[in-house]
Number of protein chains: 2
Amino acid sequence: MVLLPSLRYVLTFTGGIAFSTWVNRRVTKRRAAQAAINKTPNKEVASPKLFIDTANAHMGSAMLKAAVELNVFTAIAAVTRKGEAPPTAARVAEACRCSERGMRILLDVLTAEGFLVKSVSSRPMYTYKLTPSSGKYLDRASPSCLADSVSWFCGDDYVKPLWTGLVDSIVTGSATAATRETAEARRLTFARAMGPKTRSTAVKVAAAALARGGARDRILDVAAGHGMYGVLLATQHGSGRDNGHATSTLTAMDAAPLLAAAAPAAAAAGLRGARYAQLAGDPAALEWGYASYDCVIMANYLQTLGADAAAALLRKARAALAPGGRAYIVEALADEDRERGEGTLMALPLLALTRDGETRTFAEVHALCVAAGFAASEVVPLPNSTQTLVVAYQEAPAPDAGVGSVKGAGVVTAAQAGPAQVGDVALFGEAARRAAREDFPSPEETTWNYPMSLGDFFSLVERMVVSSITKNPFE
Amino acid sequence: MVLLPSLRYVLTFTGGIAFSTWVNRRVTKRRAAQAAINKTPNKEVASPKLFIDTANAHMGSAMLKAAVELNVFTAIAAVTRKGEAPPTAARVAEACRCSERGMRILLDVLTAEGFLVKSVSSRPMYTYKLTPSSGKYLDRASPSCLADSVSWFCGDDYVKPLWTGLVDSIVTGSATAATRETAEARRLTFARAMGPKTRSTAVKVAAAALARGGARDRILDVAAGHGMYGVLLATQHGSGRDNGHATSTLTAMDAAPLLAAAAPAAAAAGLRGARYAQLAGDPAALEWGYASYDCVIMANYLQTLGADAAAALLRKARAALAPGGRAYIVEALADEDRERGEGTLMALPLLALTRDGETRTFAEVHALCVAAGFAASEVVPLPNSTQTLVVAYQEAPAPDAGVGSVKGAGVVTAAQAGPAQVGDVALFGEAARRAAREDFPSPEETTWNYPMSLGDFFSLVERMVVSSITKNPFE
């Protein structure tokens, strides 16, 4: 295995991943804005297009919600699964008990939005079929189906407070108590609806943890929700020395109604009896214990808290970790300048629905970790995900120790970077920004074949890094 | 002036224009879908990205609505107009009487969505400025400002029935009576909010009418709303023989509350006394008169009606026109196969909010015109607009008569194409589709300098056609 050349390449690679979502989604808009500002400052390129597209965007969400509720994707897939030709609008309407006119219009709009493919060659007897993406993620018979998460993304309990409360939240800087209660109640919806979606991220987090070695006998999942992150960390195992790791215990911490979602998931994975415990209540109010865990997981939770509450939570996590323990923080990170990307965008619903939650930059999370007494933190991109893993180390790992060079190279230690974004932390931001400015090509789609051996893991990372380096526009 | 080479080029050019919106907006999605289906049928390229982006899209609309309501764009522009440096989030927050935290998050999200530019170089003292598009269309001090149209695109009286009633409309094929009443009441909002937006389209329609010659002494504007289309047709004039056309009379037809919006617009343009008349009521119930008008305008109205009601309306229009008169139909047209583009998408709100309205293809509008007794119809693309003008001729113009060859070349006569989409009408659809399939480049942004002479108009069209021809991928 070739050692990775330097810290810089790892960071460059990180930048490429972190903004691949942005590169794909917003490149047209941003290119227009950049051209307007940077390249042709005096040429008028004003257009109302972005305004009108954005103002109309809510119709796309309404369309998708209606199609999922009417079971349209599953009905189309069912016909094809029987080996029959793709269905006409009339046939889909019959299967979904809808009017033909209403279904035809819906299917055409779904086609225009890229969810279906219409048989133009058979005009005027059109038929419709699913795209591969719709087949995998919207057909309820598919194991990867995300259709139920529409109730999370587009539920009335989300859309209504967001639309009606946003102006007030901007004026006051905080969601009203009533809105916060609604949002809190939504965590149960999330736990139920988002299991399928978060599972693939949880697999990647568990794989990254495996690759970094360290004990994981005692695992605490804070604000566990559906429990997926803790369950996978406690039960997945790689090959070689880490094989047969079947004695981990999981403690799930969350409000009592949420634990009702986590417990069955744990039991289904074999975490029963002495291997599973619960702590019911608000993580801020509960006692976490002292030096009691090897791993503490906080997924999509830190961002819902303001800086003081987040700092207090990390202090509790640091105290709860045994020597050599690690905290795994999983959430969307904002770019250093908060000017693009999913992490920056997600600050809006957090403003609308929480008291003082906000997506953070890596530098901010790092500073919180250092202030809480962690020795080092490491940012780990998760392939094909809008979320990022931050590993906070109770003790700094030796640069050349551990399971491989990736860990040493990727770690930003407290000695290298203080709480402010200087040194390597700043390089992280700058490298990412420069990469994005140059329209750094996003890495090709990769399949994360889990479980994989550690050797396979490093080999995969190496290939991706090499791929980034060969295309590096500023070498 | 060089005569246009043939009908085919005109039609090809039409196809290029008609889908420029789609080409810009949806090319990424569609390319992915096409690659998945056509080019690599066995390669798995499934991704949840389109699903998640679409499910989240409503947040962009909510963001924009909040920013307009809080006057953010105007506040930023006001600072720059005073010659001062672009403002910080704190300064914008003060101007808009908002919390700094809430405003900072909003400004960052607006930046990520392409509405603002953030001064990355001045980190951490960030400032914000408008893009040229935001400056032109969202600053209330700009004469082109569209900000108020947010109340149309994102008003509660639109978003709420659309979100709550869509499933029911798909099931039954029609909006409920209550929803239809809400939608009808919205026409007054439209008349008030959309004047600025429709003005640029109305200018293009008037210019196209001018270029085609013919009398326009007596003008009837059906469902006049804000009155902009009729006012411009009655008052704008070109150069040469058409100069000084200052005796046109305008009759505005609409429900009484709407006429309260049209009358001041007419008066402001000098249409007073004998030059302005009103017909208050439902166009379907009113008497229009016989051979009384040279021009009948129907903008964004035919699409709100089902086929029978639309046919009846066109028969009334045909009867109301004097010999040589023309009907001008302005609305978004669906592509021939209803598989892409703004016209196809707009069928969704029409399904949700009307009894049986739907966007139509040109072939369908043409068939309705022919059935109503019109001799010919012509489709006229409107540059940089999602709408299209259809001119229905009471008498077929002689192929080489009139003001120029564009008219003759662009006309699809009743003799050439029957009610079904055959012959040249089919060529229109096929040419457009083939052009779109090949990612036919959209014409460059053009500035429509109105008023322009007829010579300038033809010269502009000629340049655009030639530009299309030189890039024609299937010659």
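B:E358 forms a salt bridge with A:R104 (a Lys or Arg side-chain nitrogen within 4 Å of an Asp or Glu carboxyl oxygen), and the closest N and O atoms sit 2.7 Å apart. Across the interface of chain B and chain A, the rule picks up 6 salt bridges. Keep in mind that this is a predicted model, where local features need pLDDT of at least 70, side-chain atom pairs count only at pLDDT 80 or more, and totals for chains, interfaces and linings use all residues. Residues are numbered from 1 along each chain as its sequence is written, chains are lettered from A in the order in which they are written, and side-chain values use heavy atoms, leaving out hydrogens and water.

**Interface extent**

- On contacts (heavy atoms within 4.5 Å), 103 residues of chain B meet 104 residues of chain A.
- The two chains bury about 8900 Å² between them, 65% of it on carbon and sulfur atoms; that is accessible area lost on being put together, with a 1.4 Å probe, summed over both.
- In chain B, the residues losing the most area to chain A are B:F51, B:R101 and B:W163, together 9% of what that side buries.

**Chain B's side**

- Helix α3 (residues 49–69; a DSSP run of H or I, at least four residues) gives the most to the side of chain B that touches chain A, with 19 residues.
- That side splits into 49 nonpolar, 22 polar and 32 charged residues, with Gly counted as polar.

**Around A:V72**

- Leaving aside residues up to four places away in sequence, A:V72 touches A:A67, A:V92, A:C96, A:M103, A:L106, A:L107 and A:L110.

Terms used: Helix = DSSP H or I, 4+ residues; strand = E, 2+ residues; numbered from the N terminus.
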